[in-house]
Amino acid sequence: MRSGHSKTESIVSVVMLILLVLAGAGIFFKQFQYDAERLDITLAVAQTSPQPDADDQINLVSLLPAGFAAMTQRENFGRDNLYVKINGKADLYLQSGFVELLCRRFVSDEDQKLWAEIFLYDMGSARNAFAVYSTQRRANAVQLPLTKFSYKAESAVFFTTAKYYVEIIAADESEKLNDAVLTVAKNIAKLPQKHEDSIGELKFFPEKGLIPGSFKLHLTSAFGFEGLDDTFSAKYRLGEETVTAFLSKRHSLKEANKVADDYFQFMIDNGAVITSAVNDKLAGKVLDFYDSTEIILVSGNFILGVHEAYDRLSAEKVAIMLKQKVTEVAAIDRAR
Amino acid sequence: MTEQGNENFPRRAFLARAAKAGACVSGACAAAYLLYDSKGPVPASKKQQLVTLPDFSVPAEPGRSMCIATGPDRKQTFNKAIDSLGGIERFVKTGDTVLIKPNVAFATPPMLGATANPQLVAQVARLCYSRGNAKRVIVTDNSINDPASCFQLSGIGTAARQAGAEILLPKPTLFAHTTLSGGELIRNWPILYGPFEKVDKVIGITPVKDHHRSGASMTMKNWYGLLGGRRNIFHQNINTIIAELAMMVRPTFVVLDGTQVMMTNGPTGGSVSDLRRTNTIIVSTDQVAADSFGATLLDLTPSDLPYLRKAQAGGAGTTDYKSLKPVIAEVAG
Amino acid sequence: MKIVTVRRLSQVFFFTVFIWFCIVTTQGTRWWQLRGWPVNLFLRLDPLVAIGTILSTHRLYAPLLWALVTVVLTILFGRFFCGWVCPFGALHQFVGFLGNRKKPLAKRLQLNKYRKAQCIKYFVLIFFLASAAVPMLGWAWLQTGLLDPIPLVTRSINLTLLPIVDSLTGTISATPRYYQGACLVLGLFFAALFLNLLIPRFYCRFICPLGALLAILSRFAIWRIGKNTSECSNCKLCEKACEGACEPASQIKISECVLCLNCLDSCKDNVISYQPMPSLAGEVTNPDISRRGFILSLTSGVFAVPAVRLAGKLADNWPHKLIRPPGALSEAEFLKRCLKCGQCIRICPTNVLQPAGIEFGMEALWTPVLNNRIGTSGCQLNCTACSYVCPTAAIRPITLSEKLGLGEFAEAGPIRIGTAFVDRSRCLPWAMDKPCIVCQENCPLSPKAIYTEEVFNTVRDGSLAVKKISALKIETVEKIMQPGKFATGDYYCAAGESKRAKITSNTENSIELAPNAALEKTLGIGDKIEVQVRLQRPHVDIEKCIGCGVCQHECPVSGKRAIRVSADGETRNPERKILLDT
């Protein structure tokens, strides 16, 4: 072995080492530059499962019955562009807490005429979903056993499930397509949901005389009164006429009394007059509003009553029933 | 090579080597620059060099674009027909190279009438030389069966050679891709283009035949033999391809041989009982008109053959052959 | 600091970087996944790749411009790439060191003597380059990748060593990776390594075509190893560890020198240096390429192509099972570029991409081919990974839009890599009357390329006579049914042409029907009924199928699949299309 080495050798060595370091640094910095989308492993591998068309929320394609296939790519609409899809109705959704709409058409493998479109509205909560569901409920609705709130009208199915409000609208009234729509609806209803939030107020409505499917949620200004928000209503039929009962939960007894008084005053201002009650318990709470009966009561944190009833006896009966039920259920809730 | 170093380090030797190294470096850089391909390869279909067949027609003369001649002898009938249109001299000029495209689709004997008649092909070639003073006559076809045996068994090979024509058998280098402007099917498709290079005139010769897929195989269908590649694919849309072929090839004239027509079991036939004697030869500068008349020999009307209407719409000719005022001639037998 | 130390550091550095690049060749953005790692760096620096593709395609694909760096530096400084950069060289050097370090000096001097046979590598090079440049009929191929050390070691690590190591640890890939014919790749790799025990750097000295190319390029190197004085003790210690077997003690063979600089380090008298002047002991600058060998290797290279092409695998005898990944060029062009480096095969997220064997033609050995029997799925709809790692654009980089025929590519349509065909003699609903729609369900396209046709077929021994009817239950005269067999929902009870009701359960002599008003009312005792199976027979919509192979992968007939993709109709070879363009 050589005893020593020259200065030149040392210099060259150092230069070479610097070059190596530079090469290493170059490689290191290069690795930060890439197109993440192209490398997205989820894009590539998400489809190794049997249902390749993966949606990040709900894979609508996987819910299609045999013999049907997706016809379009899925479409997503947010708060900014919802009007693009459902022009006139967008406001109703936007006011009710709309988050996102997912749409997709599907079609029969055999007949291109047999297609339907799924509208899956993410409303953020079951309450909001129920609100848009209930306010749009069609007159010719046929109840379905699909979910608690579901009905069928002509060739379409409407229902809520968890935070979603779902419409499936068929292009044809054939039985085959109808069956497919129902299957898809069932499959959507069966999807496991992370948040099971039920709507508490509904249990306060007595069942006797209740017209099925008549629940409605008024998120803002029920019956034209601004102060009465977040109010549920339901229709009853005890005698000849239908009676609308309503119920709104407030934060405190005080607030409930305040809103009830304001609503009472609002009615008076609009031409209602206090009238005699058949049932003594309701004395001073019954209003005559151009021949229809309005009753406004308070029970605990709840404002409740009857709206627009043309049969005073039924109206009072419903009001008493409602108040009793509210008291009972509230007592049970407290006991728990 | 060895280089001997010594203490008196030869400066010149070093400079020479450094110069060579420098030259190599510059050469490498220059080559890299010249060959540099920033875009990378493109998909195969987009970079074919496309060719287009030229127009081989001669100026039209009113009343002399179509002749329907009748007679039992092909040679005499053809002579009569071509003379009625102004003689071969009108079409073939001194020094021309002529390409004859007979129907040599099958390796069947001439008797069966599945291929062009050898004597007729030979007569056309002979006239091109003797009266048209052609420099060269080439005969070609991309046969369905093996081309060499087709030319041999159909008798066209021998007959044409005896008449002085050259037989050009198809081979891969003779094919080039073409796209018919306005065409749906002939898009970037290989055709037997080689024989058409340096050719002045083109003559199609074909018998009248029944055709299972298209109804009838005549002069327009004859150009099918120019297609290369997996051309069977076009049987999916036979009427359009025949019309497009007529739009693609603008011949000098066509000879439709209806001396014996194949009435049934076309296009191959297989028995003389498939044939019927109709003793007619059509020579026409308008192939659509020729085929429209030819249809009547098969007891068809032009409307039975959709490709005729399509070809007319594509500007390849007219189905109303009567409007051309065809010359009617007769040769006594 | 000693220069040999730096050289060793450099080798360790580049070897580590190389192994790292192999490890990260996997789809994803974590720091140990592909990200922006320039995994093609070594292949791009490899001048044999650049020159080979230039000869075969007459173009220099942009990323291969990096090779110019190596070329210029080699022209000026000699074969630094072999001694300082090449990961395969480093491996050889290390194995050779381990194998030979205990041998006596005389033996080592003997091992490091120059051998006439070292000229073989030039003939290997000439053979490959000649066949890459064959001008006849546009025939040419690139086979350098078989022996070019960079593709060779890339392929060996990616397709054999890493999967073996990873199958023990399971860190890189969740499921074990399989590569058909990998043992041949591994065999070549280890053969090359073990030959170092015979003679150090055996591969580099005798076989390596890249080394040969660099040797020719270093002909005019300005600096080279040589003696700076004639006063040499001739101790020959400089040849003890000479990696290139270039004999610096006598007339040094410049073309064989790999710049390991061990001679410099071992010379006691500082006689040897890296200098601009020729060695004072004399030097041989020209590679030892005999005229006869040159002509022989050139002609055999030229003739090898048409000889192999005699098989007609590029003509009418094209192998229909050769399904190339999306973006692959037409077969002729593909073979002019593919290095067989195996990076595409490695990065394929489903492992469906495989190295080809010689069944697709000798020239296709180790090129990428889809094998839908291997891997976790077929070619994934949203994946273009293989096209982006290809160093030579044999698989040209495609975007997802181009692959799927979206946006500006809508007119061209999706890239088809083949077409699926249903084998009706093996398909369960077609051949065995067993319900199955697995292929239809798994077709990833939208709308699906597989659709089904509904058929009701009477099962074997399914013609029965009614003995008794009560509500939805029908008792039969025969007692031949296997209890529960028809309760799957696929079986129906039929009476006459159109009347049919689903069977919900059965015993050996009774069936129970799903509510269907029509059927049981019309039946009477003694009537004939038939047990039918509802079949959905799959059909492939040839206009939609892109040949991804997911259906084939999922087909429950797991031997020879009942739906199989064949390369018919692939986009890259327009002459293989089945349908007319419409």
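Helices, of at least four residues, and strands, of at least two, are here DSSP runs numbered from the N terminus. In these terms, B:Leu112 lies in the loop that runs between strand 5 (97–102) and helix 3 (118–130) of chain B. The model in which this residue is placed is a predicted one. A residue counts as buried if 20 or more other C-beta atoms lie within 10 Å of its own, and B:Leu112 is therefore classed as buried, with 20 C-beta neighbours inside 10 Å. B:Leu112 is also 8.2 Å from B:Thr268, C-alpha to C-alpha, although 156 residues separate the two in sequence.

Elsewhere in chain B, an open sheet of three strands is found, with the order 3-8-9 and mixed pairing. Strand 3 and strand 9 of chain B form the edges of this sheet, and because each has a single partner strand, one side of each is left without a neighbour in the sheet. The pairing of strand 3 (residues 50–51) with strand 8 (residues 175–178) of chain B is parallel and extends over two bridges, and within chain B the residue B:Val51 is set opposite B:Thr178 of strand 8. On the other hand, strand 8 of chain B pairs with strand 9 (residues 189–192) of chain B in the antiparallel sense, over four bridges. Two of the residue pairs can be named here: B:Phe175 has B:Leu192 in strand 9 of chain B as its bridge partner, and B:His177 has B:Pro190, likewise in strand 9 of chain B.

The contact between chain B and chain C draws on 33 residues from chain B and 38 residues from chain C. On the side of chain B that touches chain C, at least two residues each are supplied by strand 1 (2–3), helix 1 (11–35) and strand 2 (36–37) of chain B. Helix 1 of chain B provides the largest share of that side, namely eleven residues. By class, the residues on the side of chain B that touches chain C comprise 17 nonpolar, ten polar and six charged. Strand pairing also links these two chains, in that strand 2 of chain B and strand 1 (residues 60–61) of chain C are paired in the parallel sense over two bridges.

As for chain A itself, its secondary structure comes to nine helices and 15 strands, and 34% of its 336 residues count as buried. Among the contacts in chain A with a separation of 6 or more, 58% are accounted for by residues 24 or more positions apart.

Within chain C, helix 1 (residues 3–24) also packs with helix 9 (residues 149–169), their axes coming within 10 Å and crossing at roughly 55°. Helix 1 and helix 9 of chain C are therefore oblique to each other, and the crossing in which helix 1 of chain C passes helix 9 of chain C is right-handed. The residues that meet are C:Ile19, C:Cys22 and C:Ile23 from helix 1 of chain C and C:Thr154, C:Ile157, C:Asn158 and C:Leu162 from helix 9 of chain C. Of the residues in this contact of helix 1 with helix 9 of chain C, five are nonpolar, two are polar and no charged residue is present.

Further along chain C, strand 11 (residues 491–495) pairs with strand 12 (residues 499–507) in the antiparallel sense over four bridges, with C:Tyr492 standing opposite C:Lys502 in strand 12 of chain C. Strand 12 of chain C is also paired with strand 13 (residues 510–513) of chain C, again in the antiparallel sense and over four bridges. In this pairing C:Ile503 has C:Leu513, in strand 13 of chain C, as its bridge partner, and a hairpin of two residues joins strand 12 of chain C to strand 13 of chain C.

Definitions and conventions. Residues numbered from 1 in each chain as written. Chains lettered and ligands numbered in written order. Predicted model: local features only at pLDDT ≥ 70, side-chain atom pairs only at ≥ 80, totals over all residues. Contact = placed C-beta atoms within 7 Å. Nonpolar A, V, L, I, M, F, W, Y, C, P; charged D, E, K, R; others polar. Pairing = 2+ DSSP bridges. Axes fitted to C-alpha atoms, helices over the stretch in contact; angles between N-to-C directions. Parallel < 35°, antiparallel > 145°, perpendicular 65-115°, else oblique. Left-handed = near helix turned anticlockwise from the far one by under 90°. Buried ≥ 20, exposed ≤ 12 C-beta atoms within 10 Å, placed from the backbone.
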